[in-house]
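User: I am new to this structure and would like to learn how to read its features one at a time. Please give the general idea of each, then the case here.

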Amino acid sequence: MEKLWEGSRAIAETIKMCRPKVISAYPITPQTHIVESLSQLAADGDLVAEFINVESEHSAASVVLGASATGARTYTATTSQGLLLMLEVLYNIAGMRLPVVMTCANRAVSAPLSIWNDQQDSFTARDSGWIQLYAEDSQEACDLHLMAYRIAEDKRIMLPVMVCLDGFFISHTFEPVEPFEEENVKQFLPDYQPLHYLTPKNPLTFGSFAEPDKYTEARYIIHRTLEESKMVIRETAEDFKKVFGRGGGDLVEDYFLEDADFAFVAMGSIIGSLKDLVDKLREKGEKVGILKIISFRPFPGKEITTALEGIEKIAVLEKAVSLGSGGILVKEVKESFYGRKKTPQINGFIVGLGGRDIPQDSLENIYREFHQGSGDASFVDLNYELLGGK
Amino acid sequence: MKKNLLAPGHSACAGCGESLAIRLVLNAAGENIIVANATGCSEIFTSNYPLSAWEVPWIHSLFENTAAVASGIEAALKVSGRKSEAKVIAQGGDGGMADIGLQALSGMWERWHDVLSVCYDNEGYMNTGIQRSGLTPLDTKTTTTPPGKFSWGNYRPKKNLPLIAAAHGIPYVAVTTVAYPRDIEEKVQKAIKIEGPKYIQIYSPCPLGWRSEPSQTIEIARLAVETGIYPVYEMINGKITSAKKFSKLKPVEEFLKLQGRFSHLFTKEGGDEEIKKIQKIADDNINQFDMILKDGEELQKE
């Protein structure tokens with residue numbers, strides 16, 4: 001039976017089912033409800049784990065690094081500044097091939113300070129070697145966490161996974177979710193059996209340094225593994241469907257793309273708003289669809305071009321920006337099409353920074369203007385009064 | 001002969017105090033340990049992939065997070081019912097422990113992890129080319145505190161990390177030096193048996209950084225204690241319980257003159273006054289740690 005849970009509670013209940021042995025976190029809005037719920041579950045004995053309240057996110061990531069290297073399944077969660085502070089450790093965790101799973105409750109980055117949602121934080125970790133999966137709603141966020149452990153601990157992969165969910169829009173919203181049955185979860189995700197871990201029984205050296213004649217290979221093999229992880233993510237999603245009877249969790253997901261001449265491409269909770277718009281437009285007979293990107297890393301370039309084959313115009317919406325360069329996701333989508341004889345027109349739209357609302361009208365304007373020719377707005381809905389004119 | 005848990009063949013410099021101290025610590029702690037190591041000389045001279053000098057399970061992650069990594073190791077052992085398998089040691093140089101890693105170290109102490117933290121104090125960032133750290137002493141010449149027309153070198157005395165450790169209320173804090181191998185052994189063996197956080201600081205001369213003769217590492221380390229510059233002591237539950245004592249302390253010049261890092265104090269005009277300041281630091285230590293033997297007291301064995 002479905003439960004009406006706050007997103008954070010739903011995540012915490014899912015993590016409980018995943019049975020991490022060591023959890024470490026530092027409080028930061030809007031991640032707090034997740035770790036508060038987990039603390040309560042641990043305090044009540046519903047979750048048998050060491051819950052380490054640390055003095056910074058840098059230490060939270062380092063505690064799970066140490067615990068993972070000692071053979072324990074681990075979990076941490078953060079957002080925004082916390083993720084930026086962790087960044088050094090995130091690179092290290094991936095480089096050491098530790099299957100840590102973490103949640104990023106996506107939030108803007110300072111300055112100006114903003115506790116509200118966008119995805120600039122997790123985008124900064126895109127080159128770190130972590131697998132990054134983006135959730136559309138609470139249910140998918142739960143499902144992706146369960147899959148995340150399976151993917152991370154797969155012996156072909158052994159890389160960390162970050163599940164990204166929009167702060168407040170998912171973390172603080174009450175939605176009905178289907179809770180996991182313990183028996184099914186144990187079948188889908190058995191206890192973690194590490195390949196190598198710190199023990200005097202087999203005194204291994206972790207974290208050597210590499211001379212220039214070896215460093216490139218160490219980085220290449222992570223890149224190659226991330227490429228190969230696409231297959232594992234797909235396999236895991238299929239297996240998930242078999243066990244739990246619901247879908248999602250593939251690299252990408254399409255919505256009314258078959259006969260579409262126009263497509264939105266986006267990640268995260270904005271997909272819900274886009275679906276409403278597409279439903280409305282479809283009723284009017286307009287051929288518009290959506291490609292939801294679930295896996296940002298590994299980047300599913302081939303899957304994107306296949307799904308968008310024959311579509312004339314593509315609007316890439318993203319809640320992030322590379323200052324001094326522009327949209328990030330849009331460039332990667334464009335790159336996927338590079339070298340093809342016939343390429344669609346692809347425009348990028350930066351929306352929803354720092355929690356700015358993305359009303360249906362704005363989304364429809366993007367569609368109307370771009371569909372009819374122009375519409376490379378880049379930054380959508382700028383307030384020119386604040387800027388002192390155009 | 002017992003196996004050395006830090007294998008020979010690593011690439012530390014001749015006369016390196018740190019490599020000697022690490023070997024003594026590991027051998028005293030025994031095989032059933034897991035070591036988390038900060039970035040720095042000790043990590044570099046032991047872990048050039050695919051070589052390793054470590055005969056015990058060892059992990060290096062980053063510079064400032066060693067104590068947090070060790071916390072995670074200890075937590076994982078505890079939750080998996082493997083506590084009896086290994087004791088955990090978090091170690092690094094003074095940069096990694098006293099400066100950039102101090103926050104993580106403080107967190108580990110305050111959370112009461114059963115971890116022995118060891119700081120190999122060579123009084124500066126030696127791995128990066130002899131820059132000053134928070135544990136660099138007064139008037140030291142380093143590459144970032146060079147003496148000059150307006151400078152005598154490092155302008156502040158060193159930070160008192162053992163006292164900071166003790167302020168956390170941890171059960172055991174000790175200071176020792178590579179000049180006293182038996183003292184290191186005893187303190188490590190004592191510390192590792194105590195449940196909870198422990199801190200040992202080991203004076204580890206660096207011939208390269210201190211511009212001293214590799215053959216004089218032990219002599220310099222001994223003189224540091226014998227002049228009152230670097231008192232060797234123990235604090236149990238926050239109270240000083242023992243300190244190395246002498247019938248007579250030596251003047252600081254005997255210690256300073258063996259090291260190029262203090263040579264400007266003997267060549268530059270006004271150096272006498274600076275040496276007086278250093279003598280004052282030593283005198284204060286001698287008083288604080290009651291380092292002069294009284295009638296009837298016996299000299300402790302080394």
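User: Which hand does the crossing of α9(A) and α12(A) have?
Analyst: A crossing is left-handed if the near helix is turned anticlockwise from the far one by less than a right angle, and right-handed if clockwise. In this predicted model, α9(A) passes α12(A) in a right-handed crossing. Helix α9 covers residues 270-283 of chain A and helix α12 covers residues 360-371 of chain A; their axes come within 10 Å and cross at roughly 65 degrees. Axes are lines fitted to C-alpha atoms, for helices over the stretch in contact, and angles run from 0 to 180 degrees between N-to-C directions. Helices (H or I, at least four residues) and strands (E, at least two) are DSSP runs, numbered from the N terminus.

User: Which residues in α9(A) and α12(A) meet?
Analyst: Contact means heavy atoms within 4.5 Å. From α9(A) the list includes I270(A), L274(A) and L281(A), and from α12(A) it includes L363(A) and Y367(A). The residues of this contact divide into six nonpolar, two polar and four charged. For these classes, Ala, Val, Leu, Ile, Met, Phe, Trp, Tyr, Cys and Pro count as nonpolar, Asp, Glu, Lys and Arg as charged, and the others, Gly among them, as polar.

User: Are α1(A) and α6(A) roughly parallel or roughly antiparallel?
Analyst: Angles under 35 degrees count as roughly parallel, over 145 as roughly antiparallel, 65 to 115 as roughly perpendicular and the rest as oblique. The axes of α1 (residues 7-18) and α6 (residues 138-153) of chain A come within 9 Å and cross at roughly 25 degrees. That makes α1(A) roughly parallel to α6(A). Their crossing is right-handed. The contact has eight nonpolar, four polar and no charged residues.

User: How is the interface between chain A and chain B described?
Analyst: The size of an interface is often given as the accessible area lost when the parts come together. Buried area is the accessible area (1.4 Å probe) that two parts lose on being put together, summed over both. Chain A and chain B bury about 3000 Å² between them, 62% of it on carbon and sulfur atoms. In chain A, E55(A), P200(A) and F209(A) lose the most area to chain B, together 21% of what that side buries. Contacts involve 38 residues of chain A and 40 residues of chain B.

User: At what angle do α3(A) and α3(B) pack?
Analyst: The angle is about 45 degrees, with the axes 6 Å apart. The two helices are therefore oblique to each other. Among the residues that meet are V63(A) and L65(A) in α3(A), and V69(B) and I73(B) in α3(B).

User: How many salt bridges are there between chain A and chain B?
Analyst: A salt bridge is a side-chain nitrogen of Lys or Arg within 4 Å of a carboxyl oxygen of Asp or Glu. The count between the two chains is three, and E85(B) and K201(A) meet in a salt bridge at 3.6 Å, N to O. Over all chains, the search finds 50. K83(B) also pairs with D114(B), the closest N and O atoms being 2.8 Å apart. K83(B) lies in the loop between α3 and β3 of chain B and D114(B) in the loop between α5 and β4, so the pair ties together parts that are 31 residues apart in sequence.

User: What conventions apply?
Analyst: Residues are numbered from 1 along each chain as its sequence is written, and chains are lettered from A and ligands numbered from 1 in the order in which they are written. Local features need pLDDT of at least 70, side-chain atom pairs count only at pLDDT 80 or more, and totals for chains, interfaces and linings use all residues, while side-chain values use heavy atoms, with hydrogens and water left out.
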